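Have the sequence and the 3D view open as you read.

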Amino acid sequence: MKEQVIVAVSPQDVSRLADLARIELTDQELAELAPQIDVILDAVASVSEVADLDIAPISHAVQQTNVMREDICTPSFAPEAMLAGAPAVVEQRFRVPRIIDDSNAQ
């Protein structure tokens, strides 16, 4: 069994993490979050104690299967109806302004 090193998270540690995440926290919030993060880290450490090489990793607690339906063509809206309110149409397509200049493309 691995030896567990316990390190308490300080409000300064939380402040550094908040700075990295660009989250503004008050001193009171820093003081409240430090012990909460300690609890989370302890929970993660306890899981790593029971995880072993003979246990296969999983992504979901319940086996999931991908349910697919047949791809069946069905009648849809007429292009004319969909393009009726468009400010500009070219060859049954919406005409939009160019936003990428590809004049320098090789």
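## A charged pair

In this predicted model, the side chains of Glu 91 and Arg 93 come together in a salt bridge, with 3.6 Å from N to O. That distance falls within the 4 Å limit, so the pair qualifies. The structure holds one salt bridge, and both of its partners, Glu 91 and Arg 93, are exposed.

As background, side chains of opposite charge can pair when their charged atoms come close.

## The loop between the strands

Where does Glu 91 sit? Its place is the loop that links β1 (89-90) to β2 (93-94). Gln 92 belongs to the loop between β1 and β2 as well.

Have a look at the backbone here. Glu 91 is not a glycine, yet its phi is positive, at about 50 degrees. Gln 92, also a residue other than glycine, has a positive phi near 55 degrees.

Now turn to the helices. Two packed helices are described by the angle between their axes and the distance between the axes. For helix α1 (residues 11-20) and helix α2 (residues 27-50), the axes come within 8 Å and cross at roughly 95 degrees. Angles of 65 to 115 degrees count as roughly perpendicular, so α1 is roughly perpendicular to α2.

Which residues make the contact? From α1 come Pro 11, Val 14 and Ser 15. On the α2 side, the contact is made by Leu 30, Ala 31, Leu 33, Ala 34 and Ile 37. By type, the residues of this contact between α1 and α2 divide into seven nonpolar, one polar and no charged.

## The whole chain

Stepping back, the secondary structure of the protein comprises three helices and two strands. Along the sequence, these follow the pattern α-α-α-β-β.

How much of the protein is buried? Of its 106 residues, 8% count as buried. The protein exposes about 10,500 Å², and carbon and sulfur atoms supply 58% of that area.

The contacts can be sorted by distance along the sequence. Among contacts in the protein with a separation of 6 or more, 31% are accounted for by residues 24 or more positions apart.

Definitions and conventions: Residues are numbered from 1 along each chain as its sequence is written. This is a predicted model: local features need pLDDT of at least 70, side-chain atom pairs count only at pLDDT 80 or more; totals for chains, interfaces and linings use all residues. Side-chain values use heavy atoms; hydrogens and water are left out. Helices (H or I, at least four residues) and strands (E, at least two) are DSSP runs, numbered from the N terminus. Buried means under 20% relative accessible area, exposed over 50%, partly exposed in between (1.4 Å probe, protein chains only). Contact means heavy atoms within 4.5 Å. Accessible areas come from the Shrake-Rupley method with a 1.4 Å probe; for residues, only the protein chains shown count as cover. Axes are lines fitted to C-alpha atoms, for helices over the stretch in contact, and angles run from 0 to 180 degrees between N-to-C directions. Angles under 35 degrees count as roughly parallel, over 145 as roughly antiparallel, 65 to 115 as roughly perpendicular and the rest as oblique. Ala, Val, Leu, Ile, Met, Phe, Trp, Tyr, Cys and Pro count as nonpolar, Asp, Glu, Lys and Arg as charged, and the others, Gly among them, as polar.
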